[in-house]
Amino acid sequence: SDIRSDAQGALKTNAGVIGEMANAVTIEGHCDERGSTEYNLALGERRAAAVKRYLVDLGVPSSKLRTVSFGEDRPAVQGHDESAWRWNRRAEFRVIR
């Protein structure tokens, strides 16, 4: 649930767009299939909350940001190995204009 250095540039770009254009954004936390349902829901929430904190630190108003966790329920890639899991550990944005 830590922000990786390779994601910081994209988040900075997103912060600018959110601040200028979006009325609200939902940050969705996602996980791979390993771990219990409860663990993955909590991890997804931590992941979404970490992104929210990072964006707020960049100046995005907290009132524009919501978080939700889907845990392992909405994989981006199907598969049962690291080549799939790496894509399923993510945060996604849903923009409300």
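**Close-up views of a predicted model**

View 1. Setting aside neighbours within four places in sequence, N23 is in contact with K64, I96 and R97. N23 sits in the loop that links helix 1 (5-21) to strand 1. The C-alpha atoms of N23 and R97 are separated by 5.0 Å, although these residues lie 74 residues apart along the chain. Is N23 buried or exposed? N23 is exposed, as its relative accessible area is 52%.

**View 2. The protein as a whole, for orientation.** The protein has three helices and three strands, and along the sequence they follow the pattern α-β-α-β-α-β. A box of roughly 40 × 25 × 20 Å along the principal axes holds the C-alpha atoms. A compact globule of 97 residues would have a radius of gyration near 13 Å, and the protein agrees with this because its own value is 13 Å. Of the 97 residues, 33% are buried. Among contacts with a separation of 6 or more, 74% are between residues 24 or more positions apart.

View 3. The three strands make an open sheet with the order 2-1-3 and mixed pairing. Strand 2 (65-71) and strand 3 (90-96) are at the edges; each has a single partner strand, so one side of each lacks a neighbour in the sheet. On average, neighbouring strands of this sheet are turned by 25° against each other, direction ignored.

**View 4. Pairing of strand 1 with strand 3.** Strand 1 and strand 3 run antiparallel and are joined by seven bridges. Two residue pairs can be followed here. V25 has V95 of strand 3 as its bridge partner, and H30 has R90 of strand 3.

**View 5. Pairing of strand 1 with strand 2, and the crossover.** Six bridges pair strand 1 with strand 2 in the parallel sense. From strand 1 the chain passes through helix 2 to strand 2, forming a right-handed β-α-β crossover. Helix 2 lies across strand 1, strand 2 and strand 3, and runs at about 155° to strand 2.

**View 6. The two faces of strand 1.** In a regular strand, side chains alternate between the two faces of the sheet. Which residues of strand 1 point one way, and which the other way? A24, T26, E28 and H30 point one way, while V25, I27 and G29 point the other way. Residues on both sides are buried. Strand 1 is thus mostly covered, with seven of its seven residues buried.

View 7. D32 belongs to the loop between strand 1 (24-30) and helix 2 (37-57). The side chain of D32 makes a polar contact with the side chain of R34, at 2.7 Å. With neighbours within four places in sequence left aside, D32 is in contact with N40, E72, W85, N88 and R89.

Definitions and conventions: Residues are numbered from 1 along each chain as its sequence is written. This is a predicted model: local features need pLDDT of at least 70, side-chain atom pairs count only at pLDDT 80 or more; totals for chains, interfaces and linings use all residues. Side-chain values use heavy atoms; hydrogens and water are left out. Helices (H or I, at least four residues) and strands (E, at least two) are DSSP runs, numbered from the N terminus. A polar contact is a pair of N or O atoms within 3.5 Å; within protein, one must be able to donate a hydrogen and the other to accept it, and residues adjacent in sequence count only if both atoms are side-chain atoms. Contact means heavy atoms within 4.5 Å. Two strands pair if DSSP finds at least two bridges between them. Axes are lines fitted to C-alpha atoms, for helices over the stretch in contact, and angles run from 0 to 180 degrees between N-to-C directions. Buried means under 20% relative accessible area, exposed over 50%, partly exposed in between (1.4 Å probe, protein chains only). A crossover is right-handed if, with the strands pointing away from the viewer, the path from the first strand over the helix to the second runs clockwise. The radius of gyration is taken over C-alpha atoms; the globule rule is 2.2 Å times the number of residues to the power 0.38.
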